[in-house]
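User: I'd like to learn how to read features such as charged pairs, cores and sheets in a model like this one. Could you take me through some of them?

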Amino acid sequence: TRQVPVNILIAGIPKSGYLISDVRAYPAVAEISGPQRFINEVNKIYTEDIDINGEFENFSTRVALTLPSGISIFGGTPGKKSFVTVTIDIVPILVTTTLDLEVTLENLGEQLDVSEPTRVLVDIIGPIEQISGLSLQGIKATVDLFELTAGSHTVTVVVTLPKGLIVEKTSTVVIDLVVTE
């Protein structure tokens, strides 16, 4: 007998916007038996093809091994197929985009105003499908000016995004508050 790795054969491609992040066989190694001259020539065993066409989430499947002539799986039943369980991880392709957002001011003190409208550049990460069809509806950048007085202040911007999107890094903006007449 001899132990050889199980190689997984995949057919097709995942749904557009998705990719395979990992593929695992259990067991990952097969113990083969047969005449020594055959065993010495086998360096790996292949699974039958696994069709992943259009898949967009992780899945596991039981798949048969394809054995070369004269080779069998040690401990297996002669003439019967031997199986492994294959797990395939499929994830969305993530991309980054930069949005130029107008900042909404919250809790602006009475008789205070900003010297100019505040905008912020925000890098967001999300699935390519979601980013490519992104509209600014439901996306908000806000700053809390509670108890801030006239002058220059560096404040953290809170960005509200649709589910599935995340802000790459928290942004701050400098806001100049001026007294209004």
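User: Is E129 buried or exposed, or does E129 count as partly exposed?

Analyst: E129 is partly exposed, as its relative accessible area is 41%. On this scale, buried means under 20% relative accessible area, exposed means over 50%, and partly exposed is in between (1.4 Å probe, protein chains only). Before we go on, note that this is a predicted model: local features need pLDDT of at least 70 and side-chain atom pairs count only at pLDDT 80 or more, while totals for chains, interfaces and linings use all residues. Residues are numbered from 1 along each chain as its sequence is written, and side-chain values use heavy atoms, leaving out hydrogens and water.

User: Which side chain does E129 meet in a salt bridge?

Analyst: The general idea is that side chains of opposite charge can pair when their charged atoms come close. The rule for a salt bridge is a side-chain nitrogen of Lys or Arg within 4 Å of a carboxyl oxygen of Asp or Glu. Here, E129 meets K15, with 4.0 Å from N to O. K15 belongs to the loop between β2 (10–11) and β3 (18–26) and E129 to helix α2 (residues 128–132), so the pair ties together parts that are 114 residues apart in sequence. Helices (H or I, at least four residues) and strands (E, at least two) are DSSP runs, numbered from the N terminus. K15 is partly exposed too, at 33% relative accessibility.

User: How many salt bridges are there by this rule?

Analyst: The count is seven. One of them joins D100 and R119 at 3.0 Å, N to O. This pair links distant parts of the chain, with D100 in strand β10 (residues 94–106) and R119 in strand β12 (residues 119–127), 19 residues apart. R119 also meets E102 in a salt bridge, at 3.8 Å from N to O. E102 is exposed at 51% relative accessible area, while R119 is partly exposed at 45%.

User: Which residues have the most contacts inside the largest nonpolar core?

Analyst: A nonpolar core is a set of buried Ala, Val, Leu, Ile, Met, Phe, Trp, Tyr and Cys residues joined through side-chain atoms within 4.5 Å. The largest one has 21 residues, and those with the most contacts inside it are L101, V120, I124, V143, V157, V173 and I175. At least two of its residues come from each of β10, β11 (112–114), β12, β13 (140–144) and β17 (172–179). A second, separate core has 20 residues, including A25, V63, V84 and I88.

User: Where do charges sit over rings?

Analyst: The test is NZ of Lys or CZ of Arg within 6 Å of the ring centre and within 35 degrees of the ring normal. The charged end of R37 sits over the ring of F38, 4.5 Å from its centre. Likewise, the charged end of R62 is over the F83 ring, 4.2 Å from its centre.

User: What is the order of the strands in the open sheet?

Analyst: Strands of a sheet pair through backbone hydrogen bonds, either parallel or antiparallel. Two strands pair if DSSP finds at least two bridges between them. In this model, seven strands form an open sheet in the order β3-β9-β7-β5-β1-β4-β8, with mixed pairing. β3 and β8 (72–73) are the edge strands, each pairing on one side only. Inside the order, β1 (residues 2–7) and β5 (residues 45–47) run parallel and are joined by two bridges. V6 has I45 as its bridge partner in β5.
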